[in-house]
Number of protein chains: 2
Amino acid sequence: MPSPIADYLSRLHADLSSLDAGALADYIPELAKAERSDFGICIVTLDGIAYSAGDADKRFTIQSISKPFVYAAALADRGQAFVSGKVGVEPSGDAFNSISLDPKTGAPKNPMINAGAIASTSLVRGDTADSQWQRIRAAMAAFIGREVEIEESIYRSESETGHRNRAIAWMLKNFGIIDHDDPMAPLENYFRQCSILVDCRDLAMMAVTLANRGVNPVTGQRALPAELTAPVLSVMATCGMYDYAGSWLYEVGMPAKSGVGGGIIAVLPGRFGIGIYSPLLDAKGNSVRGIEVCKRLSQDLQLNVFSHSSQPSMALSRVYTAAEVPSKRHYPAALRARIDPRASRIKYYTLHGPLAADGAEFITRRMLALADDSDCCILDLHQVTQITDSAARLFGHTHAQLAARGIAVVYSRLHGRESLRAALRRGMRAVDGPHGFLSFEDNDLAVQWCERRLIEADGDVGAEMSFAEAPLFRGLSAALLAQVEAMSWTEHFAKGDLILTAGQQNDRRIFAIESGFVSILLPLMNGDHHRIESMGPGSNFGELILLGATARSASASADSDVRLRVLDADDVHRLSATHPELKIALLENLARDVTYKLRRTNQSITALG
Amino acid sequence: MPSPIADYLSRLHADLSSLDAGALADYIPELAKAERSDFGICIVTLDGIAYSAGDADKRFTIQSISKPFVYAAALADRGQAFVSGKVGVEPSGDAFNSISLDPKTGAPKNPMINAGAIASTSLVRGDTADSQWQRIRAAMAAFIGREVEIEESIYRSESETGHRNRAIAWMLKNFGIIDHDDPMAPLENYFRQCSILVDCRDLAMMAVTLANRGVNPVTGQRALPAELTAPVLSVMATCGMYDYAGSWLYEVGMPAKSGVGGGIIAVLPGRFGIGIYSPLLDAKGNSVRGIEVCKRLSQDLQLNVFSHSSQPSMALSRVYTAAEVPSKRHYPAALRARIDPRASRIKYYTLHGPLAADGAEFITRRMLALADDSDCCILDLHQVTQITDSAARLFGHTHAQLAARGIAVVYSRLHGRESLRAALRRGMRAVDGPHGFLSFEDNDLAVQWCERRLIEADGDVGAEMSFAEAPLFRGLSAALLAQVEAMSWTEHFAKGDLILTAGQQNDRRIFAIESGFVSILLPLMNGDHHRIESMGPGSNFGELILLGATARSASASADSDVRLRVLDADDVHRLSATHPELKIALLENLARDVTYKLRRTNQSITALG
């Protein structure tokens, strides 16, 4: 089924195909050979899906669009401080081939004019011009996601006619901006980089790699350190469209770069990369249709860096408490009575999305506002994709503040996400105060820890409990309890023993825990188990066999040494004839317990919905 | 408890207080009277929370920071097309008081230099200079969120010494940029607007109003049409810091504006507004500490329009199916058998956040990818805060495509959110195809509609069913069913009748539906009801009274004319003595039914977690 974006691009392409203004570049004869009608558009999403229309596979030379990427390589190789001494970042107000050097230092005004681009080319890593060229090729390949080649005829032609650029290179040598003994060597690399062959899909991929903070979303390869993407984009924003920067940002609002080969790239940080090819150029050397496509995309898809529509409050999906979503652990009544009155002081915070300073401010503000009403905060990070250092520091700071007041902050669902965990720990180390970092695989384990903290605040937890405390037997008269005792026996299991196995037939036992802890486990397809419940003294399990099931639906495993009171379901069934009042009492208890669990579970759904 | 952001601002303020470079403005004597040590910082969040440090209440004159706001008012009053013929948007590369008019048209290069600002002032709505001044005052008041006043002594001084600006105004009159017969009248308004008194909290509030797409987050008042915020911010980005635009975006990455009064504002679209006051200026007329604060904030809090960290995939929180979360309606076995095999073809899509083109692309792509496996799509919009027109068009387009293939798209949880609903309907009207827009108050109603669509695809739904089909009686032997029949009776209710009332004591009836539909309602604090279940023929309700409750936990109301089979719980209890086998069978059925519901509910939680 055609995607609505693809449909939209087809219509846009058809609309603008009729635009026939502009001229082919003719400063070298090879460029004048392009087809006037060639026209391709491609948009790539942040997860690497490419939508295109028209001649998306037609190759052409990248020309000046190479400039921001080689500048990016120079920043990565030599550092921002060093590079900023060699190339400025101010719009020149002049045409692309102006020399525009700072009268004092000789530094080109910016890396998007030829002088600044040649300087950038001379700055990338490499002992020789040859190894620098390999570096440039590799950098371009990392952005595009494939090896690159150059169009030899265009390269030769550029080199043969590039006298103005030779003058620029010597001027840069004169000012010490280029260090090479022979400035002609890096200049040849500049001619080569301009002759790299791309199609508009490649351009969109390069653009989206900048939009994706330096990682090519298809190959997963990092092409540029994340912190260098904003500087490169800012230079594209102010200097990318030659002497047109103000109007460009005003009308289009996207960092962009054009080349006389007919290509344009535009970048929507965090959202899209765009590549366009149409070789008809306006007087300033920009693709006429390319500019029109960018304007229409900006308008129709509302793409503009200045109309960012995120909302910090969306970083916090919800706040709820253990009163609404208690742990799945079954507590005997005495412990439940310790937990229930304060369960609402255990707060869950469900975080969402990439967390930056604004979202973290919103969340930590809420945590502080609820502090008087909190004993524990569980930060559920399942839906968090990344966290900036500034956001992590805000969490670290807030964690320390709350800890100083005796409020625990624990983290949940960070399993297998080392970069998030590392960022949070860095954030905690950045502040003074207690540095405990407690992290749980799931919310249930986290809330159990918090519930235990509540219980222990009131003194020791009873280690043993009569089976009569279990829900299945609760409220039975002494006579009925004596009957149960007479028909039941005791079993012991050691830590790690499997008490029940899911799928097992013909096991008819019903258990009540008198001491120790048991986990109820659901087998997963991959051979692992999912822990669905955890039980201590005063709980019962396996009782659903009374309702007619033949096989066990879950396994049970001993988390410690356990002592169990055991009944046989067939003995219970026989009570219908001999002691119906006991059977009725047990069934009523069973139904009551399941009803209670259903109520709690429905409450949880309301809290989670 | 102090917020970590407030702590951070205090440290930043302390750090930079020692910075004593720069000089007070002295072109009029009043400005030179400022205190060198005055220094205030304020950040306001998108929801209107202000954090400040230092002299946040110290007032000063706004000076050039008025320029983007008066320009904004001119855009709002006269339209972008008209204004762009009068004032350009290109950085001038010159100082703030340069004349920089286009040699042909006489249009000032941009609205941030004096010439462009005076032109903007002359363009705001109003028949007379007086009424224009009222318009400017009102515009500023809307941004700040309070009435404004001017510092008379500074205004008089500006007016007395503003000869260069008089020359500019006459030049603008000469080129027809200013229409007034006497250009000195709007010029006086310009002097007045520069003399408006603000503190840095006011500046931060003005900035956050731009960040919030034109709405002051404290007053909720719209100060500027949403679509004009991006153009204003783009002009601030390229021209706001005089001949420093490139470096500013490179180092700070925020649209900003400074004034010789010592103020600076900076805007992080969709995130923060920032205001700073320190009257020590550098040679370019920018506050020395103010610039330093912006650099530090950009670095420390990672605030930069070009390092936007959102991820389109976060717009789709989850996708799950009616196999995991079926409706709460109880279907008799025959209908359940029609639904179950295809329940996974009903898909829920939980949408999240403000939806723009990138997020909508991700969601609709997923909907199309799952189309072969879908009969109905439920779009849950509960967590959607806003939707752009471009996103709404993508949904409209996808809706029409799916509808053409017989796949229904329905919307859920739009209740009371007219602007979202209107945007979605506009998006649907923008495409050809079926225009049905079905919207449900909650997911349960939506999935019931989808389940009914599945059932009806297989022919008519039985309208009547024996009580023996209800879970409570299912599987009973003919002899036991005859006993039930003997001890039960029939009751009829009309549509709208209340069958049970929550809280009611001493009502011991248990019901099975033989025809018609019944809703189970939970009374809410505000007098409303929350519908927790919906039941048709073959369902039973009220049976939990068997487990010992004395009062009803929910109400039941007839959604149509209904015929019910009714039992008395006390009669059932008496069965213990007379017919224990019937009582045991009923309790087993009850426990089985609750267990079944608990399993389904636990599945739902897994799908929602």
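This is a predicted model: local features need pLDDT of at least 70, side-chain atom pairs count only at pLDDT 80 or more; totals for chains, interfaces and linings use all residues.

Student: Which domains does the assignment give for chain A?

Tutor: The assignment divides chain A into domain 1 (4-300), domain 2 (312-456) and domain 3 (467-608). Taken over C-alpha atoms, the centres of domain 1 and domain 2 of chain A are 46 Å apart.

Student: In what order do the strands of the open sheet of chain A lie?

Tutor: The general idea is that strands of a sheet pair through backbone hydrogen bonds, either parallel or antiparallel. In chain A, 5 strands follow the order E8-E10-E11-E12-E13, with mixed pairing. Strand E8 (316-321) and strand E13 (439-440) of chain A are the edge strands, each pairing on one side only.

Student: How many bridges join E12(A) to E13(A)?

Tutor: These two strands run parallel and are joined by 2 bridges. A:Tyr411 has A:Ser439 in E13(A) as its bridge partner. Helix H17 (residues 443-456) of chain A packs on this sheet, where it touches E10, E11, E12 and E13 of chain A. The direction of H17 makes about 160 degrees with that of E11(A).

Student: Which strands does helix H14 of chain A lie across?

Tutor: Helix H14 (residues 357-369) lies across E8, strand E10 (346-355) and strand E11 (376-387) of chain A. It runs at about 175 degrees to E10(A).

Student: Is helix H8 of chain A largely enclosed or largely open?

Tutor: To judge burial, one counts the other C-beta atoms within 10 Å of a residue's own; 20 or more make it buried. In helix H8 (residues 184-194) of chain A, 8 of the 11 residues are buried, so the helix is largely enclosed by the rest of the structure. Among them are A:Leu187, A:Tyr190, A:Phe191 and A:Arg192. The elements that cover the buried residues of H8(A) include strand E3 (60-61), helix H2 (66-78), helix H4 (114-123) and helix H5 (129-144) of chain A.

Student: What is the phi of A:Arg413, and where does the residue lie?

Tutor: A:Arg413 is not a glycine, yet its phi is positive, at about 65 degrees. The residue sits in the loop between strand E12 (408-412) and helix H16 (418-429) of chain A. A:Arg413 counts as buried because it has 24 C-beta neighbours inside 10 Å.

Student: Where is B:Gln63 found?

Tutor: B:Gln63 belongs to the loop between strand E3 (60-61) and helix H2 (66-78) of chain B. Its phi, near 50 degrees, is a positive value in a residue other than glycine. B:Gln63 is buried, with 25 other C-beta atoms within 10 Å.

Student: What rotation superposes chain B on chain A?

Tutor: A rotation of 180 degrees with 0.0 Å of shift along its axis does so, at an RMSD of 0.2 Å. The two copies are therefore related as by a two-fold rotation axis. In chain B, the C-alpha nearest the axis belongs to B:Ala591, at 2.3 Å.

Conventions
Residues are numbered from 1 along each chain as its sequence is written. Chains are lettered from A and ligands numbered from 1 in the order in which they are written. Domain bounds come from an automatic or database domain assignment. Helices (H or I, at least four residues) and strands (E, at least two) are DSSP runs, numbered from the N terminus. A residue is buried if 20 or more other C-beta atoms lie within 10 Å of its own, exposed if 12 or fewer, and partly exposed in between; C-beta atoms are placed from the backbone. Copies are superposed by least squares on the C-alpha atoms of residues with pLDDT of at least 70 in both. Two residues are in contact if their C-beta atoms, placed from the backbone, lie within 7 Å. Two strands pair if DSSP finds at least two bridges between them. Axes are lines fitted to C-alpha atoms, for helices over the stretch in contact, and angles run from 0 to 180 degrees between N-to-C directions.
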